[in-house]
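Q: Could you show me how to read ring pairs and a helix in a model, giving the criteria as we go?

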Amino acid sequence: MHLLLRPLILADTDLVFQFEQQNRAYFETYIESRGEAFYRQAGVYDHICELLALHQKGQHVPMLITDAEGQLLGRVNISQIDAVSSSGSLGYRIAEQHTGKGVASRAVKYALEIAREHGLVTLNAMASTTNIASQTVLERNGFNLCDKKFNVAHVAGEVIDCLCYRNTLSSV
């Protein structure tokens, strides 16, 4: 499957809204709910506007993961960009029907290239202690375990802990 990472644009509101609606239950088994307001058309529109405003400030790189036909497979973001420390944080979410197919691993690999293009030298990421698939994706892409945070979020009525990862980006 051919995979593309492309910048998020405001015209993607309907596409992202459908993606988030279709995958909400799946995502909420791993991460904290974004709340009811997010899962409305206006909520997704506001979310995209916020991401694009942060992008304009150089603090965020929001991207969509698509196949060659433009089907949305997932999202990947480089957030919390700090120009002083040349660091940022990586986050991603893959549609349930596209997990286990290497989409996340390849998207993270491409995101690392984009982080380098933005002059970042360190990228941080987190994965819940129970999300072995995300831990594996990060480790395969050169992220090293550096810390553990307790009581990070509430997921499905449970408090979850997360593992913190760091990738010191090489110039390759």
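A: Rings of Phe, Tyr and Trp (its six-membered ring) pair if their centres lie within 6.5 Å, and planes under 30 degrees apart count as stacked, over 60 as edge-to-face and the rest as tilted. By that criterion the structure holds three aromatic pairs. One of them joins Phe19 and Phe27, which are tilted at 50° between the planes, with 5.6 Å from centre to centre. Another is formed by Tyr26 and Phe27, whose ring centres are 5.9 Å apart and whose planes meet at 50°, so this pair is tilted. This is a predicted model, in which local features need pLDDT of at least 70 and side-chain atom pairs count only at pLDDT 80 or more, while totals for chains, interfaces and linings use all residues. Residues are numbered from 1 along each chain as its sequence is written, and side-chain values use heavy atoms, with hydrogens and water left out.

Q: Is Phe19 buried or exposed?

A: Buried means under 20% relative accessible area, exposed over 50%, and partly exposed in between (1.4 Å probe, protein chains only). Phe19 is buried, at 3%, and Phe27 is buried, at 5%.

Q: Which residues of α2 are buried?

A: Helices are DSSP runs of H or I with at least four residues, numbered from the N terminus. In α2, the buried residues are Gly43, Val44, His47, Ile48 and Leu51. They cover an arc (of the directions from the helix axis to the C-beta atoms) of only 135° around the axis, which puts them on the same side of α2. Glu50 and Gln56, on the other side of α2, are exposed.

Conventions: Helices (H or I, at least four residues) and strands (E, at least two) are DSSP runs, numbered from the N terminus.
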